[in-house]
Amino acid sequence: MVRNEEKYMEYMLDVTPRLLAVDSPTGFTKNAAAFVKKELEDLGYQPEITRKGSVLVNLGGDDTEDAILLEAHLDTLGGMVAEVKDNGRLRLTNLGGMNANNAEAENCRVYTRSGKVYEGTFQLINPSIHVNGDYNKIERSYETMELVLDERVQSRAETEELGISAGDIVGFEPRTRITESGYIKSRFLDDKLSVGIILGFAKYLKDEQIQHKRAVYVHITTYEEVGHGGSAGVPEGVTEAISVDMGCVGDGLTCREHQVSICAKDSGGPYDYEVVGKLIDAAKRMEADYAVDIYPHYGSDVEATLRAGYDVRHGLIGAGVYASHGYERSHKDGMRHTWRTLIGYCTEE
């Protein structure tokens, strides 16, 4: 359907795990933003880092008065040290919607202000089932769990001597795997999978020298998980903003991991009717397998854009992702069909 499609699939399946390996809990995204900026520069673009630390780039196009903005985010869920406890372990507070149940027994990295990084594991307090008779009854929360450092520390003073203090960032291991059957499994596919897809779209435009009438901008935001990622940085002349974020997979929805999901409505209300229709038309034209769904508990960058007062039409698409905000799973075909839909939407004359 698209010339040299497998070349761009290979690129997206390579760049996405590399980006996932860069810890970027919301508010701690400098390294990931630098990664994306460098990748875009290597593709031949001229991206810039905004004051908020996001990445903004112009992908070309002549009509700057009727431009399209693609928004995706590279900030993820994570943790922050809330307290160094008397026993030398760490009480955490979550960044974004990192659920304590989903984080139990996960390996972590603690980033100190001095630049040192320490490893540890997020565990239930008194986690040995051979010792704790109430193990199965305890509700998992940030009050009943703690980060156990892989260091010989048994007191607050010993941990503080390492340079660890309240406010330090905690990144959780993504555990990225791509199976032989094409499934992509990892924490934080929300939304680094979409960033990988957009990079693949940018590479396609450049390598194939695609001429498209409408200007296309990309904004890779850094505060989506706390609600204000897309609230700034919209270039002049943008009339339509499309969030490229994870598509929901679950009970009551029709989307699967192998499809592109087109959202008609989420918890913030309906998306622009005409834009949703054009996204459906683009998917059909590009022979992309798609589903249209309503997400019950969801918000996107583009809603932050509208709430900030920008006068734009808005839409939302993304590859289907199962077990969102947990150990997530998608499929390379979901990546493929999202990529095709972007091509169809942004390059139609």
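Predicted model: local features only at pLDDT ≥ 70, side-chain atom pairs only at ≥ 80, totals over all residues.
1. On the H1 side, the residues taking part are Glu 5, Glu 6, Tyr 8, Met 9, Met 12, Leu 13 and Thr 16. They meet Lys 332, Met 335, Arg 336, Trp 339 and Arg 340 of H8. Sorted by class, this contact has six nonpolar, five charged and one polar residue.

2. Now look at how those two helices are placed. H1 covers residues 5-20 and H8 covers residues 332-347, so you can find both by number. Their axes come within 11 Å and cross at roughly 115°. As for its hand, the crossing of H1 and H8 is right-handed.

3. Next, the empty spaces. Rolling a probe the size of a water molecule over the atoms shows where empty space is left. The largest pocket holds about 340 Å³ of space. It has 18 lining residues, and those closest to its centre are Met 246, Cys 248, His 297, Tyr 298 and Ser 324. Strand S14 (247-249) gives at least two residues to the lining, and strand S18 (313-322) also gives at least two. What classes do the lining residues of the largest pocket fall into? Nine are nonpolar, five are polar and four are charged.

4. The second largest pocket has about 190 Å³ of space.

5. Two spots in the backbone deserve a look. Most residues other than glycine have a negative phi, and most peptide bonds are trans. Which way does the peptide bond from Asp 190 to Asp 191 go, cis or trans? That bond is cis, with omega near 10°. Asp 191 sits in helix H5, which spans residues 189-207. The other spot is Ala 323, which is not a glycine but has a positive phi of about 60°. You'll find Ala 323 in the loop between S18 and strand S19 (328-331).

6. Last, have a look at Thr 179. Where does this residue sit? Thr 179 is in the loop that runs between strand S10 (177-178) and strand S11 (183-186). Its side chain makes a polar contact with the side chain of Ser 181, at 2.9 Å. Thr 179 and Val 244 are 65 residues apart along the chain, and 24 Å separates their C-alpha atoms.

Note on methods:
Residues numbered from 1 in each chain as written. Heavy atoms only, no water. 1 Å grid on protein atoms, 1.4 Å probe; cavity = no way out; pocket = protein on both sides within 12 Å on 5 of 7 lines; lining within 4 Å. Points joined across faces, edges and corners; volume = space filled by probe spheres on them. Helix = DSSP H or I, 4+ residues; strand = E, 2+ residues; numbered from the N terminus. Nonpolar A, V, L, I, M, F, W, Y, C, P; charged D, E, K, R; others polar. Axes fitted to C-alpha atoms, helices over the stretch in contact; angles between N-to-C directions. Left-handed = near helix turned anticlockwise from the far one by under 90°. Contact = heavy atoms within 4.5 Å. Polar contact = N/O pair within 3.5 Å; in protein donor to acceptor, adjacent residues only side chain to side chain.
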